[in-house]
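Please look over the sequence and the structure shown here before reading on.

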Amino acid sequence: MGGGGGGDQQDMRAWLLSERRGNMHSLCNPSDFQRSPYLSARGNIANIFRGSAEEGYKAYHADKYDEDKNPNGIINFGTSENKLCFDLMSKRLTQTDMNLMEPPLLQYPDWKGHMFLREEVARFLTHYCKAPAPLKAENVIVLNGCGSLFSALATVLCDPGEAVLIATPFYGGITQSVFLYGNVKLVYAYLDSKITGTSTRPFQLTVEKLEKALQDARAEGVPVRALILLSPQNPLGDIYSLSELRDYLEFAKRHELHVIVDEIYMLSVFDESATFHSVLGMDRLPDPQRTHVMWGISKDFAVSGIRFGTLYTENQDVANAVASLCYFHGVCGPVQHKVAQLLRDRDWINQVYLRANHARLKAAHTYVTNELKTLGVPFLNRSAGFFVWIDFRKYLRTGTFEEEMLLWRRFLDNKVLLSCGKAFECSEPGWFRIIFADKTHRLQLGMQRIRKVLEEREQEMLAEEKQQPCQSDQDGKADSTDEVIFVSHHQEPTCASSSNLGDLIGLLQQQMRSSDWLQKNTAEQFA
């Protein structure tokens, strides 16, 4: 996009209104937008992105909860950060081996990263990704976070106006990362909660859905150059099986698409029964020259304030092109030393950190999901990441994103910040993401505030129903599967002819189907 000019505002409004693939977090109304005379057209678009994404976080930063200083402040269940392991990380990062100030660390490095760090990253990924052969340091590039990596990869793999394919719902920050510098758009493969066709779980990514999205984009004349995979998936928490990963990579190879695989939550799988499979652990990559894997320490090591991300690619053209952008996204020398020391300390990682982190994540997840069960709120039951994908559809008066936004603001007014489904480009209004990787007292208070909003909302809707003819609305119900946990104390609207006994029996059947009640209460135990 060019610089200023009389047509800028009109051009931007037309762009915003027609931009189906730009994630505006549904907080920005283009008709309200006023062009700044101080900015270029691109600058004005960047300004919109900033403003639209920040409404909730502005409120939070102005009124942060503090147990002592501001107990009535906003509790942040919206930012995906692990707040459970600050004690472990601060202790480890302040030990004497972390403090080094040699001349090479205070000079310009190789822009791909100091070789001592790239070698350590290669060894680390070889071990934790279970790579069949040792990974090579020459294929490692270091940048200041995975957002920078998305930006750099989009810029070197796509020309302006071209697109990258991604399944929704997805972490919305990717939209800004690929668009703001590279002017690269996203094409959506929409997933939903209904289990149809070849799906076996809600929001399941299938090759058929990827094919449809790709063909639809091509029919509209949009060139698609790459596919983004998030594994484990944010916000769903899905962990893809090896066969699923192979199917996605084979699909990309058929269409000559690059695959950008974000594995930033790979060590945040907190249940022993779930197994993470890294793309780097596959015996054979269908198209190694077009497969690029990223990881960072912000999530798995609970240090989102230390900006460190790493890319592994066998394609040296891609590596060199990304490295040329590392000049803008470098990691300072002393931090590179600290990260290398951290990744090298395998005993501490395995025996101390990961054990404690997984136990704490599991306990926090159990607390929040038990609260949701008590409330009768459906959610996806997963074992990875810091988030639960929750179905609040029954609390929407109408199945619209405007109504979803009203509920989001209601939570914010009651001093709890969540992320609504539109921020992840979810196709169904009413889904929300809650972050559970937080200390117990904040989880308890935050869930109390959520309960208050939902109970008030339920009372209001019941009062409204009494004034209207009875209508049966099935759209607000989640699919009754093992994948969606639903233990209900909430009754859907029923017509007067329904028998109370029938309702009770149905409720008990639903409760037994959706919980482990039958497993825990066997005939032998009663005897």
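**An enclosed strand**

In this predicted model, strand β10, which covers residues 387–391, is largely enclosed by the rest of the structure, because 5 of its 5 residues are buried. The points below describe the surroundings of this strand and then turn to other topics.

*Strand β10 and its partner*
- Strand β13 (residues 431–435) pairs with β10 in the antiparallel sense, and the pairing runs over 5 bridges.
- Within that pairing, Asp391 has Trp431 of β13 as its bridge partner.

*The chain as a whole*
- The protein chain contains 16 helices and 14 strands, and of its 527 residues 53% are buried.
- When contacts between residues at least 6 apart in sequence are considered, 76% of them join residues at least 24 apart.

*Helices α10 and α11*
- Helix α10 (residues 333–344) and helix α11 (residues 346–375) have axes that come within 5 Å of each other and cross at roughly 65°.
- On the α10 side the contact involves Leu342, Leu343 and Arg344, which meet Arg346, Trp348 and Ile349 of α11.
- The residues of this contact between α10 and α11 comprise 4 nonpolar and 2 charged ones, with no polar residue.

*Salt bridges*
- Side chains of opposite charge can pair when their charged atoms come close, and the structure holds 30 salt bridges.
- Arg397 forms a salt bridge with Glu464, in which the closest N and O atoms are 2.9 Å apart. This pair links distant parts of the chain, 67 residues apart, with Arg397 in the loop between β10 and α12 (401–413) and Glu464 in helix α13 (residues 440–466).
- Arg397 is partly exposed at a relative accessible area of 36%, and Glu464 is likewise partly exposed, at 28%.
- A network of salt bridges links Arg397 and Glu464 with Glu403, Arg410, Lys452, Glu456, Arg457 and Glu460.
- Arg118 and Asp110 form another salt bridge, the closest N and O atoms being 3.4 Å apart; here Arg118 is buried, with a relative accessible area of 4%, whereas Asp110 is partly exposed at 43%.
- Lys422 forms a salt bridge with Glu425, with the closest N and O atoms 3.5 Å apart, and Glu425 is buried at a relative accessible area of 6%.

Terms used. Residues are numbered from 1 along each chain as its sequence is written. This is a predicted model: local features need pLDDT of at least 70, side-chain atom pairs count only at pLDDT 80 or more; totals for chains, interfaces and linings use all residues. Side-chain values use heavy atoms; hydrogens and water are left out. Axes are lines fitted to C-alpha atoms, for helices over the stretch in contact, and angles run from 0 to 180 degrees between N-to-C directions. Helices (H or I, at least four residues) and strands (E, at least two) are DSSP runs, numbered from the N terminus. Contact means heavy atoms within 4.5 Å. Ala, Val, Leu, Ile, Met, Phe, Trp, Tyr, Cys and Pro count as nonpolar, Asp, Glu, Lys and Arg as charged, and the others, Gly among them, as polar. Buried means under 20% relative accessible area, exposed over 50%, partly exposed in between (1.4 Å probe, protein chains only). Two strands pair if DSSP finds at least two bridges between them. A salt bridge is a side-chain nitrogen of Lys or Arg within 4 Å of a carboxyl oxygen of Asp or Glu.
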